[in-house]
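Subject: The two-chain model, with notes

Hi,

Here is the structure I promised to pass on to you. Please have a look at it first, and then read my notes below.

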Amino acid sequence: MDSDSAANDIALSISNLRVTFNTEEGLVVGVDDVSYQVRRGKTMAVVGESGSGKSVTAFSILRLIQKPGKIAGGEIIFYPTSGSPINITALDEKDDLLYKLRGGYISMIFQEPMTALSPVHTVGNQICEAILLHDDVTVHEAERRAVEMLGKVGIPQPEQRLKQYPHEFSGGMRQRVVIAMALVCKPEILIADEPTTALDVTIQAQILELIKELQNDMGAAVIFITHDIGVVAQVADDVAVMYKGCIMEKGSVRQVLKDPLHPYTKGLLAAIPSQANQGKRLPTIDSVIGDLNIDTRLALADLSNGRQVALTQDEISKLQITL
Amino acid sequence: MSDRKPLIQVNRLKKHFPVFSQGFIKRQIDTIKAVDDVTFEVMQGETLGIVGESGSGKTTCARSILRALQPTSGEVWFEAKRGRIDLATTPERELKPLRQEMQMIFQDPFSSLNPRMTVGDIVGEPLIIHKLAKGKELEDRVVEILEKVGMRSEHRMRYPHAFSGGQRQRIGIARALIMRPSLVVADEAVSALDVSVQAQVINLLEDLQEEFKLTYIFVAHDLSVVRHICDRVAVMYKGKIVEMEETEALFENPKHPYTQMLLSAIPSPDPDIKMKPRRDLVESGWLPED
């Protein structure tokens, strides 16, 4: 990872990240020893149930963890295409570089377009704000870029729509505005936190295509956070499965979805209604895992084919016989 | 299935909403046809799925059937315990006893439970409203139904905030089933849940259907869930049913272009099957009301 050639390929590297929340009931570990790398121009999907820490990990990348939460350990290093690597975790809360990162180099598409947009500012106002913050351009130029971007994300009549407020947009259109806002500064890393969860399948299909298209255009690395395995299968190159703050399994999308190794991943995949379990009771995660204890923290073990799985050596050797 | 009697027969049901102009004099300037001339029937013990995008009128349709909304026109024949009755025209006061026989499960388990009431009060409230039980009997029935949905009897002392999404949805199901309804309308009942919890709730709904001989109208936008639990599926688009078919036949061989497009947009969990949204199928210029 430290060699230049490897670093050229990697856009972001998270290592041993630990995020804790100091609550009244004691210390809650939201993310525990999580490491993953995001490759340039590729999509890394992070899947897991609510509370698994997938969003908290993403928020840490932008240093958006709010009190009582804090990053208690680990490193997040961003490798810009030009310039030296930036250690995000080491930056001061008020560092100028941090403001440049947020929405500039790294930007985020939020889940809830209704709460991510300000109801009292026009859409144009909000997109231009992002441009003016990061680039030294005139207001006129910012507006021109905002119109161009709105057109790119498929909003008809962008000049007129620019002057409208979020409530004048439908859910799918609002999500496009949020995407336009995230992409307008041409980020090198795009974090998409459940960008299509609230949308209909037809709109979801359009948004997924759109993100993919824009990713190809700009060569951005994408971190895609979702709990929809169908979406993962369609957009991701690599997958990390999270459970209770830890990564359970990591590998290429084909490896993990076609041949899950960890019992938790198997359970997660089995619980999706599909043709295989048509007319039968759905397997739940508990029924798939059985009496195996997956709550004990295990370090990720490397497998020969580049995969990583949180299992004991015993279980891994059992797996390798069947592989 | 063919020998069963219909529990609900919907005949040319319409629900229109007037649109008024802005300003001092509110003139009616338009009508939104949320449900426009819909006809179908639901057999006893059957699960009918209603699918469609947001704004297609699926929820309005379900609510009009239950008379939670007054239909604009049309008939809703319901096989009640005391005989067949048209819900669309029944006067309000005669409707109340009928409400015991038809219940609803809501989408959002976080906003559909009153945060100031204990779980026991929430689940038992319908019995009090309909004056069906009180005191010891009320408590026994609350405990009984809570155990049926997989909760413990001591949970009735607690408040909704103490429970997870899946448990809250179970509470919502208990509240609906304590009335021993024959018809249950589930409006996006599992959409807000994680897949693992969703699987448990789907299993629960299926078990309860068998035990209480329930008929479900299952309103959802998640097509894989619909495929799993429904016997038949109605596809709604712009207030109309564009296709209605046995579930497998519909998914295997969709006939209407809108259904074809809807099904083509489902992302497959197999990375080797690439999603190919068939937008070309729908006449050009068509897009959901953006």
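Two residues are taken to be in contact if their C-beta atoms, placed from the backbone, lie within 7 Å. With that in hand, among contacts in chain A between residues at least 6 apart in sequence, 63% join residues at least 24 apart. For chain B the corresponding share is 64%.

Before the rest, some housekeeping. This is a predicted model, in which local features need pLDDT of at least 70 and side-chain atom pairs count only at pLDDT 80 or more, while totals for chains, interfaces and linings use all residues. Residues are numbered from 1 along each chain as its sequence is written, and chains are lettered from A and ligands numbered from 1 in the order in which they are written.

The two chains

Chain A has 14 helices and twelve strands; helices (H or I, at least four residues) and strands (E, at least two) are DSSP runs, numbered from the N terminus. Its radius of gyration is 21 Å, close to the 20 Å from the globule rule for 323 residues, so chain A is as compact as a globular protein of that length. The radius is taken over C-alpha atoms, and the rule is 2.2 Å times the number of residues to the power 0.38. The C-alpha trace of chain A spans about 65 × 50 × 45 Å along its principal axes. Of its 323 residues, 45% are buried, a residue being buried if 20 or more other C-beta atoms lie within 10 Å of its own, exposed if 12 or fewer, and partly exposed in between, again with C-beta atoms placed from the backbone.

Chain B contains nine helices and ten strands. A compact globule of 290 residues would have a radius of gyration near 19 Å, and the 20 Å of chain B agrees with that. Along the principal axes, the C-alpha trace of chain B spans about 65 × 55 × 50 Å, and 42% of the residues of chain B count as buried.

Where they meet

At the interface, 32 residues of chain A are in contact with 29 residues of chain B. On the chain A side, α8 (171-183), α9 (201-218), α10 (229-235), α11 (253-258) and α12 (263-270) each supply at least two residues. The most come from α10(A), which gives five. By class, this side of chain A has 15 nonpolar, 13 polar and four charged residues. Here Ala, Val, Leu, Ile, Met, Phe, Trp, Tyr, Cys and Pro count as nonpolar, Asp, Glu, Lys and Arg as charged, and the others, Gly among them, as polar.

Two helix pairs

In chain A, the axes of α5 (residues 123-134) and α6 (residues 139-152) come within 9 Å and cross at roughly 115°. Axes are lines fitted to C-alpha atoms, for helices over the stretch in contact, and angles run from 0 to 180 degrees between N-to-C directions. α5(A) passes α6(A) in a right-handed crossing; a crossing is right-handed if the near helix is turned clockwise from the far one by less than a right angle, and left-handed if anticlockwise. Gly124(A), Ile127(A), Cys128(A), Ile131(A) and Leu132(A) of α5(A) meet Val139(A), Ala142(A), Glu143(A), Arg145(A), Ala146(A) and Met149(A) of α6(A). That contact holds eight nonpolar, one polar and two charged residues.

In chain B, helix α3 (residues 119-129) packs on helix α5 (residues 165-177) at an angle of about 30°, with the axes 7 Å apart. α3(B) and α5(B) are therefore roughly parallel, the word for angles under 35 degrees, with over 145 roughly antiparallel, 65 to 115 roughly perpendicular and the rest oblique. The crossing of α3(B) past α5(B) is right-handed. Val119(B), Ile122(B), Val123(B) and Pro126(B) of α3(B) make the contact with Ile171(B), Ala174(B) and Arg175(B) of α5(B), a set of six nonpolar, no polar and one charged.

Backbone details

Most residues other than glycine have a negative phi, and most peptide bonds are trans. The bond from Lys67(A) to Pro68(A) is cis, with omega near 5°, and Pro68(A) sits in the loop between α2 (54-61) and β4 (69-78) of chain A. Lys131(B) has a positive phi near 50°; it lies in the loop between α3 and α4 (135-148) of chain B and, with 7 C-beta neighbours inside 10 Å, counts as exposed. Lys238(B) also has phi near 50°, in the loop between β9 (232-237) and β10 (240-246) of chain B.

Best wishes
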